[in-house]
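Subject: Handing over a structure, with notes

Dear colleague,

Please find below the structure I promised to pass on to you. My notes on what was found in it follow directly after.

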Amino acid sequence: MFQFNQQEVENLRRRAKENPEIVEELRSLADPILNTPVTVPTTGIANWVMYFFCPDCSIRLNFNRSEPHRHACPNCGKIFSGEPYDSAWWRLVNGSNCSGAHYMGMLYLLTGDVRCAHKGIEIFSAYADYYRSYQVHGNIPHNKPGKMGAQTLDDANFIRNAAMAYDLLEPAMTEAEKKHIQEGLLLPAAEFLIANRVEHQHNHELIISVTVGMVGLILRRDDLIQFALYDDYGLIWQLERGVTESGVWFEGTFGYHFYSLEAFFQYERFAVHTKHSHIHHPLYRKMLMAAIDFAQPDFDFPKLNDTYDGHGTLSGKSLLYEFAYQQSGDVEYLQVLHQIYRTQKRGGINTFFWGVEKLPECEDAIDPTTCIHPELGQPGLTVLRGSHDRYLLFKHDEFGGEHDHYDRLGISFLAYGKKIAADLGTTAYGAPLHFDYFKNTGAHNTVMIQEKNQAPGKARLLRYCEDDAFIYVEACMDWRESYQMPLIFTIPNWDKEAYHNIRMTRKIAWSKEGDYFAECFIIEGLDGRKADWVMHIGGELENKAGMFFLDGPLSTEKPLKHMKKIQYLDKPQQVVCSKFSVDEINVYLHSWIPDGALYLGCVPDNPSIKDISQIVERKTGDKAVFLHVIEANRENAACKSIQMSLKDGKAIIELDEQLNGNTVPRRIVFTSVPEH
C-alpha cells in the first residue's frame with residue numbers, strides 16, 4: 001500500500017473504534033453502490049458532464065442512478081431526456097462507481113469488511129472487462145477525446161481516483177484479479193493518456209501527469225514515473241511554470257487554482273511515502289498561502305475567469321490545509337484551519353484519514369485585512385480592503401489561456417458582506433450562457449471596444465501609493481506593445497483588430513474610512529471606435545427619473561443582446577446618480593456624462609434564475625475618459641455635492657463626505673489624463 005504505512009494503518013483502525021461515526025459515515029456513502037448490482041457502460045457511451053445542466057436555469061440536473069432517461073432541474077422542475085443528457089448520465093455513473101469503490105476500500109482498511117472489498121474489486125474488474133474496447137469518442141470543443149468519457153480529462157480523473165481505491169483494495173485481491181485490473185484498466189488507460197497529453201501548460205496536462213504517475217507507482221514502472229513527473233510537461237514542469245509570482249495558478253481563476261492544487265495533493269497523498277513525493281516543494285506553500293492573500297472577507301474568492309459555484313471557496317478546501325499541516329506542522333496552515341473551523345465543525349472522512357488526530361490551539365487566526373499588490377511594472381491582482389468588509393479586487397494580470405474571460409482591468413467589489421459589483425464567473429461549459437454571455441468582456445466590470453472581446457495581453461501595475469485619506473492604484477493594458485503568447489492552450493474568442501493601437505488605463509482612489517471609491521478609466525487610440533464602460537450591480541435600480549425606455553435591444557451581438565428592460569440617457573449631464581438596492585445595501589453610482597450615452601438594464605445573474613442590473617456608458621472619438629464615484633452603505637449617500645471635471649490633463653472629483661457626523665471636503669485628482 002502506498003498511501004499509508006503499517007503504523008498509520010494500525011493508528012487509523014484504533015481511531016475508527018474510538019470514532020464509530022466515521023465508519024457509519026463511510027457506510028452511508030458506500031451503501032448505494034454496495035447494495036445494488038454493478039452497473040458499468042459496456043461501450044464508450046459516457047458524455048461530457050457539463051451537458052447535465054438545465055439550459056434555462058444554468059443549474060445542474062438532479063442525478064439519480066435508477067433514472068437513466070429522466071433528469072429533473074431542481075429549480076424549474078423541467079424533465080430532460082435523450083441526448084446529450086442520457087449519455088452525460090453515464091459519466092456521472094462512472095464517477096459514483098469510482099467514489100463508491102473508494103469508500104468501500106476505506107471501510108475495508110478500517111474494518112476488514114471483505115464484502116466491501118469484493119464489491120469494489122468487482123466494480124473495477126467490470127471496467128477492466130470493457131475499457132480496452134471503449135470507443136475513442138467526444139466532440140467537446142478544444143478538448144482531446146476520451147474513452148471513459150468524452151474528453152481525455154475524464155479518463156484521467158476516473159483513473160486517478162480509481163488508483164486511490166485500488167491501493168486500498170489490493171490486499172484483498174487475488175493475483176488474477178490484480179493482473180486483470182492492471183492490464184485491462186490501469187495500464188491501457190495510462191497508455192491512452194500518454195498518447196493524448198498535449199505539450200503545453202494546462203490543468204488537463206497536470207492531471208494526466210498525476211494519473212500516469214500514480215499508475216506508474218502501482219505498476220512499478222519507472223518509464224511511466226519519468227514521463228509523469230520529471231519529463232517536460234510533467235508534474236514538476238507544470239508546477240514550476242504554472243505558479244505565478246503572486247502564487248496564483250497561471251489560468252487566473254481561483255476555481256482552477258484549487259482544482260490544480262487538489263490534483264497536486266492527490267498525487268502527494270498517494271506518493272507521500274515514496275522517493276517520488278515532492279510534498280515539501282516551496283511552490284505548494286506559495287499556492288496555499290496565496291489563496292489566503294486574496295480571500296474575500298467571507299473567505300470565498302472572486303469568481304475570476306472560468307470559476308463557477310463550489311469551485312472557488314475556502315470552506316470546502318480543508319483537506320488541502322489538513323494534509324499540508326499534517327506533513328509540515330506549519331503554524332500558518334494551522335491558522336487557516338482554525339479560520340475554516342470558525343464556521344464549520346471539524347471532522348469527517350478527509351480529516352480522519354489525512355489530518356492530525358487533534359488540532360492544536362493557536363493564538364492567532366488568519367485575518368485577511370492586508371491590501372495586496374504586485375511589484376510596480378508587473379502583472380497580477382491588487383486587493384484593497386476597508387471598513388464594513390469592503391473589498392475590491394483589481395484584475396491587471398496576464399492572459400490565462402483557455403479559461404480566460406478577456407477582462408483585463410476588471411474589478412470585483414463587495415461591501416457589508418454583500419456582492420455589490422462582483423465578478424459573475426461562469427456556469428457549466430455546456431450551458432448556452434457560458435459562451436453566449438459569461439465568457440465575454442462585456443459581462444465584466446471593465447471596458448470593451450466595438451462590443452468585442454479583449455485580445456490577449458499582459459496588463460501591469462503602474463502606481464500604488466497612499467495618503468491619509470486614500471489608496472491610489474493605477475494599472476494599464478496596452479495593445480500597442482508586442483505580446484508573446486505563452487505556451488498555453490487558448491480558444492481564439494477575441495477580436496485583435498478591435499483593440500489595435502488601444503491603450504487602457506484605470507486609476508482608482510480607494511477611501512480608507514468612507515464607503516466609496518472613485519475611478520478614472522482612460523481609453524486612448526480609439527480612432528472613432530466605440531468604447532463601452534460596463535458595470536454590474538447585484539440588485540435592482542431604484543431611481544428611474546429622467547430616463548427613457550429603449551424601443552428594442554441595445555445590441556444583437558453577445559453579450560449585450562442579453563440586456564433587457566433598457567432605459568437610456570443620451571443628453572449631456574455633468575453628474576448622473578443611479579441608485580440601486582442590493583439586499584438592503586444602498587449603492588450609488590455617480591457617473592460623469594459630458595458626452596456619449598448611458599444605458600441601464602438587467603442581465604442574467606449566475607445562476608441565471610434571476611437578473612441583476614447592468615450599466616453601459618458608451619463613448620466614441622479618438623479617446624474617452626470615464627469618471628465615477630461608487631458608494632455602498634446602509635444609509636443615505638455619504639458623498640454629497642459631487643462635481644467632476646477634466647482640465648489641463650487632470651481629472652478632478654470634488655465632493656463633501658459625511659463622516660462621523662461631520663462634513664469633510666474631498667478633492668481627488670487623477671493626473672496624466674488626455675483631453676477628450
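A residue is called buried here if its relative accessible area is under 20%, exposed if that area is over 50%, and partly exposed in between, with a 1.4 Å probe and protein chains only as cover. This is a predicted model, in which local features need pLDDT of at least 70 and side-chain atom pairs count only at pLDDT 80 or more, while totals for chains, interfaces and linings use all residues. Residues are numbered from 1 along each chain as its sequence is written, and side-chain values use heavy atoms, with hydrogens and water left out.

To begin with the chain as a whole, buried residues make up 61% of its 676 residues. Its secondary structure comes to 15 helices and 23 strands, which are DSSP runs numbered from the N terminus (helices are H or I with at least four residues, strands are E with at least two). The C-alpha trace spans about 85 × 55 × 45 Å along its principal axes. Among contacts with a separation of 6 or more, 68% are between residues 24 or more positions apart, where contact means heavy atoms within 4.5 Å.

Helix 4, residues 114-130, has 17 residues and reaches 25 Å from its first C-alpha to its last, close to the 24 Å expected at 1.5 Å a residue; that expected span is 1.5 Å times one less than the number of residues. The buried residues of helix 4 include Ala117, Ile121, Phe124 and Ala128, and what covers its buried residues includes helix 2 (20-34), helix 3 (85-111), helix 5 (152-169) and helix 6 (175-196).

Phe549 stands opposite Gln567 in strand 15. Strand 15 is also joined to strand 18 (residues 597-604) by four bridges, again antiparallel, and Lys564 stands opposite Cys602 in strand 18.

Lastly, Ile522 lies in strand 11, residues 516-524, and is buried, with a relative accessible area of 1%. Leaving aside residues up to four places away in sequence, Ile522 touches several residues, among them Met504, Ala624 and Val673.

Definitions and conventions. Pairing = 2+ DSSP bridges.
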